[in-house]
Amino acid sequence: MHINGKKVGFNKGFNIKPTVKTYTKANKMLIEVLKMSASANRLNAVDVDDPHYTDFVIKSVEDEDKLMEDGIKFLVDLFKLNEKQVEHLEESIPDSNVLANYLSYVIRRIKGQSDEEIALEDKKASVTQKESDPKK
């Protein structure tokens, strides 16, 4: 299976073998991405005057750090990156959102979606989000 690498700074993509082991690792990473997303949503909902606000912020930063560390390790293991490639990967990803989006893309590919299906789903999600955005 071919996975595009341009979103994280590689000109060439990566070929991986879809296996139960890869699928299981993808599921574990998906859980981490979803936990991070839920944590970010909770943080956005917490009032600054809440006495637990600082705890929420600390927990959110810790969750973000764990996602980045585990996400990079997942990609390194999956793509069998060498030291130079790992450094390139870490320097090419600007923030945790880009990493989370790329991890989501990789996981969806492992779970059998094509690039075209992912692009179509993302486009539909973007339209739905714009329609439900209260800032309009």
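**Stop 1: helix α4.** Select Tyr102 and Tyr105, which both sit in helix α4, 3 residues apart, about one turn of the helix. Helices here are DSSP runs of H or I with at least four residues, strands are E runs of at least two, and both are numbered from the N terminus. The two rings have centres 5.7 Å apart and planes at 35 degrees, so this pair is tilted. Rings of Phe, Tyr and Trp (its six-membered ring) pair if their centres lie within 6.5 Å; planes under 30 degrees apart count as stacked, over 60 as edge-to-face and the rest as tilted. Tyr102 is buried at 1% relative accessible area, and Tyr105 is buried at 4%. Buried means under 20%, exposed over 50% and partly exposed in between, with a 1.4 Å probe and protein chains only.

A word on what you are looking at: this is a predicted model, where local features need pLDDT of at least 70 and side-chain atom pairs count only at pLDDT 80 or more, while totals for chains, interfaces and linings use all residues. Residues are numbered from 1 along each chain as its sequence is written, and side-chain values use heavy atoms, with hydrogens and water left out.

**Stop 2: zoom out.** Colour by secondary structure and you will find 5 helices and 2 strands, in the order β-β-α-α-α-α-α from the N terminus. The C-alpha atoms fill a box of roughly 50 × 35 × 30 Å along the principal axes. Of the 136 residues, 30% count as buried.

Stop 3: The structure holds 3 aromatic pairs. Select Phe14 and Phe79: their ring centres are 3.9 Å apart and their planes are at 5 degrees, so the pair is stacked. Phe14 belongs to strand β2 (residues 14-15) and Phe79 to helix α2, so the pair ties together parts that are 65 residues apart in sequence. Both Phe14 and Phe79 are buried.

**Stop 4: along helix α2.** Select Lys66 and Asp70, both in helix α2 (residues 53-79) and 4 residues apart, about one turn of the helix. Their side chains meet in a salt bridge at 2.5 Å, N to O. A salt bridge means a side-chain nitrogen of Lys or Arg within 4 Å of a carboxyl oxygen of Asp or Glu. Lys66 is partly exposed at 46% relative accessibility, whereas Asp70 is buried at 18%. Which residues make up the salt-bridge network here? Show Glu32 too: Glu32, Lys66 and Asp70 are linked.

Leaving aside residues up to four places away in sequence, Ser60 touches Met36, Ser39 and Leu43, where contact means heavy atoms within 4.5 Å.

**Stop 5: helices α4 and α5.** Of the 7 salt bridges in the structure, look at Asp122 with Arg108, at 2.9 Å, N to O. This pair links distant parts of the chain, with Asp122 in helix α5 (residues 115-132) and Arg108 in helix α4 (residues 96-110), 14 residues apart. Asp122 is partly exposed at 37%, while Arg108 is buried at 17%.

Finish with Asp115 and Arg109, a salt bridge whose closest N and O atoms are 3.5 Å apart. Here Asp115 is partly exposed at 32%, and Arg109 is buried at 12%.
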